Amino acid sequence: MLDDWAERGSPLLIGGRLVTGDRRFETIDPATEEVIGLAADATGDQLGEAIGAARRAFDESGWATDLGLRVRCLRQLRQALERHADELRALTIREAGAPRFLTYGAQLDQPVADLGWVADLAEDYAWTRDLGRAAPMGIASDRRVLREPAGVVAAITPWNFPHQINLAKLGPALAAGNTVVLKPAPDTPWCAAVLGRLAAEETDLPPGVVNVVTGRDHALGARLAADPRVDLVSFTGSTATGRAVMRGAAETLKKVFLELGGKSACVLLDDADLAKACAYAAFAAISHAGQGCALTTRLLVPRARHDEAVEITARTMARLGAGDPSDERTVCGPLISARQRERVEGYLKLAVAEGGSFATGGRRPDRDRGFWIEPTLITGLTNRARAAREEIFGPVLVVLPHDGDDDAVRIANDSPYGLSGAVHAGDPERARAVARRLRTGTVSVNGGIWYGPDVPFGGYKQSGVGREMGVAGFEEYLETKSIAEGTG
Ligand code: NAD
């Protein structure tokens with residue numbers, strides 16, 4: 001399917017048409033710096049056409065009210081993605097630098113399967129709720145509450161988990177009856193363009209219901225968020241960009257749903273199995289080179305066991321190393337771009353200036369090509385240091401000592417973010433008590449995995465507004481209409 005994209009470029013999907021146009025930009029393999037091929041670089045006018053097509057498809061077609069068609073199209077899209085799974089797996093490894101093992105889960109297979117969950121949810125959902133008869137102000141009325149689609153959805157996504165995030169927006173938005181303009185990050189245009197092509201060629205999705213607009217310029221996202229024809233912005237990306245999206249959407253008071261950054265803590269209590277918990281923390285922090293918003297990037301350890309914890313964690317990180325993402329055994333692949341590597345290196349320098357040192361890593365591995373950083377463990381900082389507070393988005397873990405459960409909770413919550421967290425303890429009740437006190441949207445207790453189609457995911461504080469996935473995620477894409485019918 002992708003063979004002809006290397007030279008001709010991947011197409012946009014606008015109003016049901018696959019459009020290549022003359023403007024293109026390169027998509028790069030971050031492990032080798034090789035050009036994979038070209039992607040369509042949309043103009044502002046093309047974006048405008050896509051929004052117009054989505055608007056018309058919502059206002060003038062039967063999509064919003066034809067639940068059967070929606071469910072069928074979602075199942076077709078899932079089947080199409082499954083038919084092309086081998087090609088998509090290779091693409092995800094190449095374009096996003098995703099380690100192969102993750103493509104069997106959150107990077108590909110899981111979000112594709114999750115389309116089935118969301119189709120089932122839409123089919124069984126209580127679209128109408130009967131509130132029964134009441135007589136407010138003496139007038140007998142039969143009351144019903146209807147759930148209806150929000151309208152045109154702008155889905156703006158980052159590069160780190162392209163299929164997961166594109167599909168976690170597209171699936172529920174379509175199931176709910178919305179039409180969508182998907183604008184992916186410039187680093188992973190093909191992962192989104194594939195969706196457009198499969199939607200156009202292998203499903204019955206009516207023209208304009210799904211539009212995919214790739215481009216190198218971030219301004220496309222800003223225009224999309226601000227366009228008055230868009231009813232809802234579903235955004236995943238950095239907290240700084242989230243603020244800009246909210247500001248842009250404010251002019252027309254659109255509903256804004258934001259999944260943003262994090263600086264999550266992994267808390268080890270003093271009765272934890274240190275060896276197991278530290279190995280877990282090392283693995284979690286460097287998966288996909290630390291380019292996951294919910295990865296735990298601060299490791300809070302009992303002060304008395306600090307050195308032991310550092311030794312085990314550093315040893316595990318060094319053993320895992322950074323490696324070829326196509327290798328089944330690789331946990332930590334490359335960073336997405338030279339720009340991202342610069343950003344991570346900036347934080348490594350800053351950590352040293354702030355008094356930190358590296359228990360392992362802290363530099364580029366010995367490789368000629370690609371955007372690599374060794375898994376890095378930083379010690380000697382306090383939670384006031386910028387390297388301990390700000391999102392680095394690289395394979396970097398900061399160790400912080402704590403003086404007991406209350407102190408650990410205080411440090412974990414002393415963050416502008418509130419996306420995720422983890423707790424390890426011998427006594428599960430103690431672990432649960434700490435989990436309840438963390439001000440975050442998800443918490444893993446003793447290695448539990450919260451990721452799943454039925455599990456709402458999102459952030460407290462500056463990590464976001466709203467929830468993705470689960471019933472709560474589906475309902476983000478719905479409006480509520482109350483109807484009262486006089487019976488007198
Ligand atoms: P980013 O914020 O730079 O870009 C995200 C998307 O927004 C891209 O498509 C980009 O083109 C677009 N964009 C840029 N400027 C814009 C503007 N002014 N208006 C509208 N759109 C604009 O993020 P990134 O570097 O692509 O991704 C990394 C960030 O994403 C990290 O901060 C990470 O924590 C976050 N993230 C959050 C979640 C979550 O669910 N909470 C998941 C994955 C990634």
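By class, the residues around the ligand are 16 nonpolar, 9 polar and 3 charged. Keep in mind that this is a predicted model.

I will stay with the ligand for now. The shell has 28 residues, and the closest are T157, H218, T241, L260 and E391. For T157, a polar backbone atom is 2.7 Å from an oxygen of the ligand. For H218, a polar side-chain atom is 2.7 Å from a ligand oxygen. S238 also has a polar side-chain atom, 2.8 Å from an oxygen of the ligand. How much of the ligand does the protein bury? Taken alone, the ligand exposes 850 Å², and the protein buries 89% of that.

Where does the shell come from? Domain 1 (5–260 + 463–484) and domain 2 (264–452) each give at least three residues. Among the secondary structure elements, α9 (219–226), β10 (232–236) and α10 (239–250) each supply at least two. The most comes from α10, with 3 residues.

Over the whole structure, a search finds 3 cavities of 30 Å³ or more. The largest cavity holds about 160 Å³ of space. Its lining has 16 residues, and D114, V118, L167, A168 and P172 lie nearest the centre. By class, that lining divides into 11 nonpolar, 4 polar and 1 charged.

Which helix gives the most to this lining? That is α6, with 6 residues. At least two residues each come from α6 (109–124), α7 (162–175) and α17 (470–475).

That is all from me.

Definitions and conventions. Residues are numbered from 1 along each chain as its sequence is written. This is a predicted model: local features need pLDDT of at least 70, side-chain atom pairs count only at pLDDT 80 or more; totals for chains, interfaces and linings use all residues. Side-chain values use heavy atoms; hydrogens and water are left out. A residue is near a molecule or strand if one of its heavy atoms lies within 4 Å of it. A polar contact is a pair of N or O atoms within 3.5 Å; within protein, one must be able to donate a hydrogen and the other to accept it, and residues adjacent in sequence count only if both atoms are side-chain atoms. Accessible areas come from the Shrake-Rupley method with a 1.4 Å probe; for residues, only the protein chains shown count as cover. Helices (H or I, at least four residues) and strands (E, at least two) are DSSP runs, numbered from the N terminus. Ala, Val, Leu, Ile, Met, Phe, Trp, Tyr, Cys and Pro count as nonpolar, Asp, Glu, Lys and Arg as charged, and the others, Gly among them, as polar. Domain bounds come from an automatic or database domain assignment. On a 1 Å grid over the protein atoms alone, a cavity is a set of points where a 1.4 Å probe fits but cannot get out, and a pocket is an open set with protein on both sides within 12 Å along at least five of seven lines; lining residues have an atom within 4 Å of a point. Grid points are joined across faces, edges and corners, and a volume is the space filled by probe spheres set on the points.
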